[in-house]
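Hi everyone, and thanks for coming. Let me walk you through a structure that may be new to you, so please have a look at it with me.

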Amino acid sequence: MAGGTVLGALKFIIKNVLYRTLLILVLINTVNCANSVAGVHVLPVADTNWTLILQGEWMLKFYAPWCPACQQIQRDWEDFAKQSKALGISVGKVDVSQQPGLSGRFLVTTLPTIFHAKDGLFRRYLASRSVEDLQSYIREKKWESVEPVPAWKSPSSIAMTGMSGLFRLSVWIRHIQSYMTDTLGIPVWGSYAVFALATLLTGLLLGLMLVLIADCLCPSKPRYKEVTTEVYMKEELSDEEEEDVPTEKKQLSDAEDERENLSDKASGEDSAGDEASGPEELAVDSVDGLPSESGMRKRKPQISELPDEL
């Protein structure tokens, strides 16, 4: 009798424990399902599906799990997402720790950051983050009074695409540095030296590629053509110089002829003056009644003529 009573008590306890355990598991599953259903309204956006926000109307939140301000508005954002169908919009979220490319594409520098998107036009939401203010922003179309992001800063522009690549590259470099310092045990200065050497080699390779591309697109002309053109230019210059030389010579000869004519005229006048003033020069050349050597030379022909006259 005693053994049967103990066994019955054990069975009763086991049944109660199992029943309560099953009840707790069901409750936990129900809560998780409710949370998951609530979270379905907030669509996760990544690099692979971000083009969805280029169509229709969206409200997009950028957050990080470690951000306290992001954790504060998480409940309000989920409640706002529950009204997305009634408002006719889609509500999304981006985890910047998992999607650095999108944070660079939207140029996110502060957390949390909220964007309103309407048919490819993006506007920064800077009002209160409460549920009521978010709903009134959509219902009253307050976004129409906000100036959209310029075209060059649009997430689909070339500039922001390049910025997205830079953000992904920075995260990749950070992971490599942490791997070298934590796993391989390389000192910090050693990792910086490795990155500097890699940057130098990458720059040299890119420069070589640019030079090759430039040579293919704009090939340099052969050297002999340049030489022939230079010779041709020199021949043209020599011909022009030869044409200029005769004109200069003509001008010089004309000037010399004029000078010779002037000198001839001057010499003729001097000779005429000498003939008219012959006796006077004799008187002038004599000093104290004695003729000078020039006077004697001029008188010699006259003395030789005297015997002939006699």
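**Salt bridges, a helix and a patch**

Let's start at Lys82, which is partly exposed, with a relative accessible area of 43%. Please keep in mind that this is a predicted model. Lys82 forms a salt bridge with Asp79, and their closest N and O atoms are 3.8 Å apart. Both residues sit in helix 3 (residues 74-82), 3 residues apart, or about one turn of the helix. An α-helix has 3.6 residues a turn, so residues three or four places apart point the same way. Asp79 is partly exposed too, at 27% relative accessibility.

How many salt bridges does a search of the whole structure find? The search gives 3. Another one joins Glu57 and Lys118, with the closest N and O atoms 3.9 Å apart. Glu57 is in strand 2 and Lys118 in strand 4, so this pair ties together parts that are 61 residues apart in sequence. Is Glu57 buried or exposed? Glu57 is buried, with a relative accessible area of 13%, while Lys118 is partly exposed at 28%.

Now over to helix 7, residues 158-183. Helix 7 reaches 37 Å from its first C-alpha to its last, close to the expected 38 Å. Its buried residues are Met160, Ser164, Val171 and Met180, and they pack against helix 5 and helix 8. Just after helix 7, look for Gly185, which takes a positive phi of about 75°.

Finally, find Met209 in helix 8. Met209 is partly exposed, at 48% relative accessibility. Together with Leu206, Leu210, Ile213 and Leu217, Met209 makes a nonpolar surface patch of about 540 Å².

Key:
Residues are numbered from 1 along each chain as its sequence is written. This is a predicted model: local features need pLDDT of at least 70, side-chain atom pairs count only at pLDDT 80 or more; totals for chains, interfaces and linings use all residues. Side-chain values use heavy atoms; hydrogens and water are left out. Helices (H or I, at least four residues) and strands (E, at least two) are DSSP runs, numbered from the N terminus. The expected span of a helix is 1.5 Å times one less than its number of residues. Buried means under 20% relative accessible area, exposed over 50%, partly exposed in between (1.4 Å probe, protein chains only). Contact means heavy atoms within 4.5 Å. Patches are made of residues with over 30% relative accessible area and no salt bridge: like charges are joined within 9 Å, nonpolar side chains (Val, Leu, Ile, Met, Phe, Trp, Tyr) within 5 Å. Accessible areas come from the Shrake-Rupley method with a 1.4 Å probe; for residues, only the protein chains shown count as cover. A salt bridge is a side-chain nitrogen of Lys or Arg within 4 Å of a carboxyl oxygen of Asp or Glu.
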